[in-house]
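Q: I want to learn how to read helix packing and pockets from a model. Can we go through a case together?

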Amino acid sequence: MSNYDLNCIRLPEGVEQEVLQSLINLESSGGGFDKKTGKIKIQFEPHHFEKRTGVKIQNKVDVQSKEWEAFNKAFQINPNAAMESTSIGLVQIMGFHWKRLGFNSVGEMWDFFKISEQNQVLGLVKFIETDQSLLKAFINKDWHNIARLYNGANYVELAKKLGKEPYNVLLEKQYKKLKGVK
């Protein structure tokens, strides 16, 4: 069960609630906190950490306990770099976006996101509003550009590598499901 209400959030003008909900449903399987531990969901990105510190840390992207294990190792080396190198919460926004979202530090962003899924959705709205190309893609339901701008230019190649459907296809399917379109 979700712990947020899109009806209580001012969406950017022209953005349909179902478009936003489609992205939320795909990220973190629709939940911002791990049901087993209550901790905020994370995905530690070792390549971002290495870029910031020069230190390599292995990551087993399979379960939250392994994500936290890798994150905690990184945090012991460099707390800010660890938080900046990790996507967090319901909408999996990378910590290095803390300035863009208007926070004074990456730790402040984490603290805000750890409070509630509602705060995590507020972070997503700010993330969309601070990128005019992304905002335009959300307004126009431009699934390719939403996927490219949210998950990176290599999202199609990554999907092929993982044997999955590309993010843009999944977004559109999720949207049609929410709209009741076959």
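This is a predicted model: local features need pLDDT of at least 70, side-chain atom pairs count only at pLDDT 80 or more; totals for chains, interfaces and linings use all residues.

A: We begin with a helix pair. Two packed helices are described by the angle between their axes and the distance between the axes. Here helix H7 (residues 132-140) and H8 pack at about 145 degrees. Their axes are 8 Å apart.

Q: Which hand does the crossing of H7 and H8 have?
A: The crossing of H7 and H8 is left-handed. On the H7 side, the contact is made by Ser 133, Leu 134, Ala 137 and Phe 138. H8 brings Asn 145, Ile 146 and Leu 149.

Q: How do the residues of the contact of H7 with H8 divide?
A: Five are nonpolar, two are polar and none is charged.

Q: What angle do the axes of H8 and H10 make?
A: They cross at roughly 120 degrees and come within 8 Å. H8 and H10 are therefore oblique to each other. The crossing is right-handed.

Q: Which residues make the contact of H8 with H10?
A: From H8 come Trp 143, His 144, Ile 146, Ala 147, Tyr 150 and Asn 151. From H10 come Tyr 167, Asn 168, Leu 171, Glu 172 and Tyr 175. They divide into seven nonpolar, three polar and one charged.

Q: At what angle do helix H1 and helix H6 pack?
A: Helix H1 (residues 17-26) and helix H6 (residues 117-129) pack at about 120 degrees, with axes 12 Å apart. H1 and H6 are therefore oblique to each other. Their crossing is right-handed. Leu 20, Leu 23 and Ile 24 of H1 meet Val 121, Leu 124, Val 125 and Ile 128 of H6. This contact has seven nonpolar residues, no polar and no charged.

Q: Now pockets. What volume does the largest pocket have?
A: The general idea comes first. Rolling a probe the size of a water molecule over the atoms shows where empty space is left. In this model, the largest pocket has a volume of about 1,500 Å³.

Q: Which residues are closest to the centre of the largest pocket?
A: Of the 46 residues that line the largest pocket, the closest to its centre are Glu 27, Gln 43, Glu 45, Gln 92 and Asn 151.

Q: Which elements give two or more residues to the lining of the largest pocket?
A: The strands are S1 (42-44) and S3 (93-94). The helices are H2 (46-53), H3 (64-77), H8 (143-151), H9 (155-162) and H10 (167-179).

Q: How do the residues of that lining divide?
A: There are 20 nonpolar, 15 polar and 11 charged residues in the lining of the largest pocket.

Conventions. Residues are numbered from 1 along each chain as its sequence is written. Side-chain values use heavy atoms; hydrogens and water are left out. On a 1 Å grid over the protein atoms alone, a cavity is a set of points where a 1.4 Å probe fits but cannot get out, and a pocket is an open set with protein on both sides within 12 Å along at least five of seven lines; lining residues have an atom within 4 Å of a point. Grid points are joined across faces, edges and corners, and a volume is the space filled by probe spheres set on the points. Helices (H or I, at least four residues) and strands (E, at least two) are DSSP runs, numbered from the N terminus. Ala, Val, Leu, Ile, Met, Phe, Trp, Tyr, Cys and Pro count as nonpolar, Asp, Glu, Lys and Arg as charged, and the others, Gly among them, as polar. Axes are lines fitted to C-alpha atoms, for helices over the stretch in contact, and angles run from 0 to 180 degrees between N-to-C directions. Angles under 35 degrees count as roughly parallel, over 145 as roughly antiparallel, 65 to 115 as roughly perpendicular and the rest as oblique. A crossing is left-handed if the near helix is turned anticlockwise from the far one by less than a right angle, and right-handed if clockwise. Contact means heavy atoms within 4.5 Å.
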